[in-house]
Amino acid sequence: MAGADGDDSLYPIAVLIDELRNEDVQLRLNSIKKLSTIALALGVERTRTELLPFLTDTIYDEDEVLLALAEQLGNFTMLVGGPEYVHCLLPPLESLATVEETVVRDKAVESLRKISQEHSPVDLEVHFEPLVKRLASGDWFTSRTSACGLFSVCYPRVSSTVKAEIRQHFRTLCSDDTPMVRRAAASKLGEFAKVLELDYVKSDIISLFTALASDEQDSVRLLAVEACVSIATLLPQEDLETLVMPTLRQAAEDKSWRVRYMVADKFSELQKAVGPEITKNDLVPAFQNLLKDCEAEVRAAAANKVKEFCENLPEDNREQIIMTHILPCVKELVSDTNQHVKSALASVIMGLSTILGKDNTIEHLLPLFLAQLKDECPEVRLNIISNLDCVNEVIGIRQLSQSLLPAIVELAEDAKWRVRLAIIEYMPLLAGQLGVEFFDEKLNTLCMAWLIDHVYAIREAATCNLMKLVEKFGAEWAQNTIVPKVLGMANDPNYLHRMTTLFCINALSEACGQEITTKQMLPVVLKMSNDQVANVRFNVAKSLQKIGPVLDSNTLQTEVKPVLEKLASDSDMDVKYFAQEAISVLALA
Amino acid sequence: MGEDTDATPTLNHHGFLPDHNYVTEADIISTVEFNHTGELLATGDKGGRVVIFQREPESKTEPFSQGEYNVYSTFQSHEPEFDYLKSLEIEEKINKIRWLPQQNAAQFLLSTNDKTIKLWKVSERDKRPEGYNLKDEEGRIKDICTVTSLQVPVLKPMDLMVEVSPRRVFANAHTYHVNSISVNSDYETYMSADDLRINLWHLDITDRSFNIVDIKPANMEDLTEVITAAEFHPHHCNLFVYSSSKGTLRLCDMREAALCDKHSKFFSEIISSVSDVKFSHSGRYLLTRDYLTAKVWDLNMESKPLETYQVHDYLRSKLCSLYENDCIFDKFECAWNGSDSVIMTGAYNNFFRMFDRNTKRDVTLEASRESSKPRAVLKPRRVCAAGGKRRKDDISVDSLDFTKKILHTAWHPTENIIAIAATNNLYIFQDKLNSEMH
């Protein structure tokens, strides 16, 4: 008989077990997440004989509970008695692998893959492999899709007869009636190929690959493109031409733009997988076609790969290929009708300058950069500006500055505030590359103008921008150029602008250091405590709290404390609150 | 082709048995749809409810009870809502139901009202867990001192329970009223069409959809047509068709471009609005319904329909009054039988029409509680055009009841079983020969 002590220790576990079937999903979820605690309390024997059978039938629950369960079971080996008993975990995971929710199935498959490693070779054939077979020949396609992910983990560790069976099952699933299963098989084809003996790759996988790549469903064919990368890496160079290339060529010219998109999207991987020779003979023309595709989505995906593709070309005739084959297409894309294509290109085009060197960049690329800086679409201009560093290294930014400035000014004044916000974020970078003189001369006024923008997000970003500039150019620069202008706004008739002064001070005090803060900023803040607008006054209190740590204790006691005390007896509730908060944080009470 | 004048008419030489008539509540049925095996039938109504019927397994003792459809589950799919931004009420009426191909032991269906599409899971449960540690089965808290060992719940058999749970809500993608939904043959995407746009969704993703057709003119004053129905090809994942109020059908190929506003085929000729379009099971033909006719088109012939069937030509003289009472805007749907050899569509006065494409025979049948007792054979009806010679049992055009209309019909995917929604009644008729043969 268990005594009173036993009851006490049982109680929390009893609650956990009862909550496995609570009405409230959150409580069930909590219990499932503590499944290991329950199992530990029950001991390995009862976990195997009572808990797991119960869990096997719990597949009616909400997805999030099932997901948590699938994850837990992947780490349960020790709790059922170690590798010797790990197969007890298969039934609950098997039922989870057939539910309709993809994330749950995927998690169950992930856990199954994990525990497959803990099976001894014998157990793998006696328990695990039959489960894979059951799933693979299940009535519902959910179970067959799950099976696709399990072949590759058991294949390397089973006998050759079982291996033959596994290959047969995989073949069957590749020609399943439902597109769902064929998709699952296609997406695991590359992974399965990796564990197969090379002879079987050539005899089995290639024919499956060819079949899937000419499937009637677009969604299956496009997954075959991905498998193409893995298969190509496995095969010796001399076999690629006959075994892979016909299919790849066909995919690059597929009737469906989604398949061509996939080829464009995977182009760099494909290029690496097939090697330099095939790249030169086949992929260059294919890439040209993708850059000229009739569907904008495909052109955009290809445009995104321009830099990577060029970088990975064999060095011996890289420049020649780019100049004669790729650059003409790129030139056309600069004036594409679709803005996504143009902005995709703009995000990578600057990278070509490092590959092509100074002279080619000035002669061929610079005109393109300049054209894109004048593009009607702000995103294109932004993408060029955000990548200026690549060009800076090759030809120096001065070449561009004449066109850069109008582009920046135009973006800075764009009617859409999100565009303005984006250009502000590049300001510190630009300032660094253009140097302090150019900045003072041309861009400083812009940065100050943003402080009085009518959109708060812009004013806020402008404040943050000032801080970064000060970090870059130093406190002395700040004292001469920024601080006077910021402090001048303290007398602005618009209270929003007066508050901006305070926000700037909050941001700048630390970067500017104690002297500037005490001598120039603090007097202004203190003076603003008499502002007639309560919002300004409580922001004074917040500012004082913020800049307090920068000030010395004498200033705090003699100047800050009296003002905060005055604000603490303000008629406005919020002002009082923030003043009191500042007093306590700065320990002035 | 006129009305069938045979005295003992009928399609395939045997009538349809009224199997049963089901009265849901006093609410009007707004859509009827069989699942892919025909074992389940779902109806949606104006009250936002979905009722699922299940076909009973064969029984040796009662030969006639075989194949009867009984209520399997009823649930509230949509609730009335209010769009505060546009000050618009959103009706709960179910516009369309589509079943998903079966993927595991559970069944899934999509239902939509004017704005929001929902994915529902229908599953069975026959076990329930028993045994608590801290309370007994009646829920009384146990005395803590009596709890001396841990108890894991055990699953015990129970009466079969059908559970329906919402799985996904696809909202906020339609500015206009959704009129169609259609699941793609790839099993992972579906489309939803409203008056001016068609969106493509992934069944697992609710927060984004792709616009594949947009016929909204830059200026709404230039609006000349609206989309009335849309459907995916049964086998080719890239093809879909949509019909318009101008009487055109457009067949689009999603392979060519992401935005399918350039249609590949254009079926013209007609003057009146197409109220429904359905691909044949083979995928070769299209069936459309406009106000007075049903037409079959061959996908390979754009110029004119292959076959045209007069549904109720006698109404031609009454179009003015039908316009005045708004009947002319009724959206009649149409259906193919399992082998694509017979088509069916509804009419007024609780009549519905069937046309045999091979024999060119047609029949008018009536779905009404008075005329169709269980297991009785349906008598063909005939409407006598104004001024025509009237025979016994004929009905004059002037005595047709235009408030009793059959808009929604569905045909079992393989067998000769049809479901007819007549206002608030659902009739299921079954082929006599069929039941004798089994």
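**Close-up views of a predicted two-chain model**

Figure 1. Helices (H or I, at least four residues) and strands (E, at least two) are DSSP runs, numbered from the N terminus. In a regular strand the side chains alternate between the two faces of the sheet. β30(B) runs antiparallel to strand β31 of chain B (residues 417-422), and 4 bridges join them; two strands pair if DSSP finds at least two bridges between them. H408(B) has A421(B) in β31(B) as its bridge partner.

Residues are numbered from 1 along each chain as its sequence is written, chains are lettered from A and ligands numbered from 1 in the order in which they are written, and side-chain values use heavy atoms, with hydrogens and water left out.

Figure 2. Of the 5 residues of strand β18 of chain B (residues 249-253), 5 are buried. L249(B), L251(B) and D253(B) are on one side, R250(B) and C252(B) on the other, and both faces are covered. Strand β17 of chain B (residues 239-244) runs antiparallel to β18(B) and is joined to it by 5 bridges. C252(B) in β18(B) is the bridge partner of F240(B). Between β17(B) and β18(B) the hairpin has 4 residues, and G247(B) in the turn has a positive phi of about 90°.

**Figure 3. The surroundings of F279(B).** F279(B) belongs to strand β20 of chain B (residues 276-279). F279(B) counts as buried because its relative accessibility is 7%. Leaving out residues up to four places away in sequence, F279(B) touches residues that include F232(B), L251(B), L299(B) and W336(B); contact means heavy atoms within 4.5 Å. F279(B) and A230(B) are 49 residues apart in sequence, and their C-alpha atoms are 10.0 Å apart in space.

**Figure 4. Two buried helix residues of chain A.** L567(A) is part of helix α33 of chain A (residues 553-568). With a relative accessibility of 1%, L567(A) counts as buried. Among the residues that L567(A) touches, not counting those up to four places away in sequence, are R537(A), V540(A) and V575(A). The C-alpha atoms of L567(A) and V540(A) are separated by 9.1 Å, although the two residues are 27 residues apart along the chain. K342(A) is found in helix α21 of chain A (residues 339-349). K342(A) is also buried, because its relative accessible area is 6%. The contacts of K342(A), again without residues up to four places away in sequence, include D336(A), D375(A) and E376(A).

**Figure 5. The interface of chain B and chain A.** The contact takes 44 residues from chain B and 43 residues from chain A. The size of an interface is often given as the accessible area lost when the parts come together. About 3,900 Å² is buried between the two chains, and carbon and sulfur atoms give 53% of this area; buried area is the accessible area (1.4 Å probe) that two parts lose on being put together, summed over both. On the side of chain B, L150(B), V152(B) and R255(B) lose the most area to chain A, together 20% of what that side buries. The rule finds 8 salt bridges across the interface, a salt bridge being a side-chain nitrogen of Lys or Arg within 4 Å of a carboxyl oxygen of Asp or Glu. R183(A) and E188(B) meet through their side chains in a salt bridge (3.4 Å, N to O). On the side of chain B that touches chain A, β10(B) gives the most, with 7 residues.

**Figure 6. Two loop residues of chain B with positive phi.** Most residues other than glycine have a negative phi. N172(B), a residue other than glycine, has a positive phi near 60°. N172(B) is in the loop between β11 and β12 (180-183) of chain B, and counts as exposed at 81% relative accessibility. For D326(B) phi is likewise positive, near 70°. D326(B) lies in the loop between α1 (319-324) and β24 (334-336) of chain B, and is partly exposed, with a relative accessible area of 48%.

Technical notes
This is a predicted model: local features need pLDDT of at least 70, side-chain atom pairs count only at pLDDT 80 or more; totals for chains, interfaces and linings use all residues. Buried means under 20% relative accessible area, exposed over 50%, partly exposed in between (1.4 Å probe, protein chains only).
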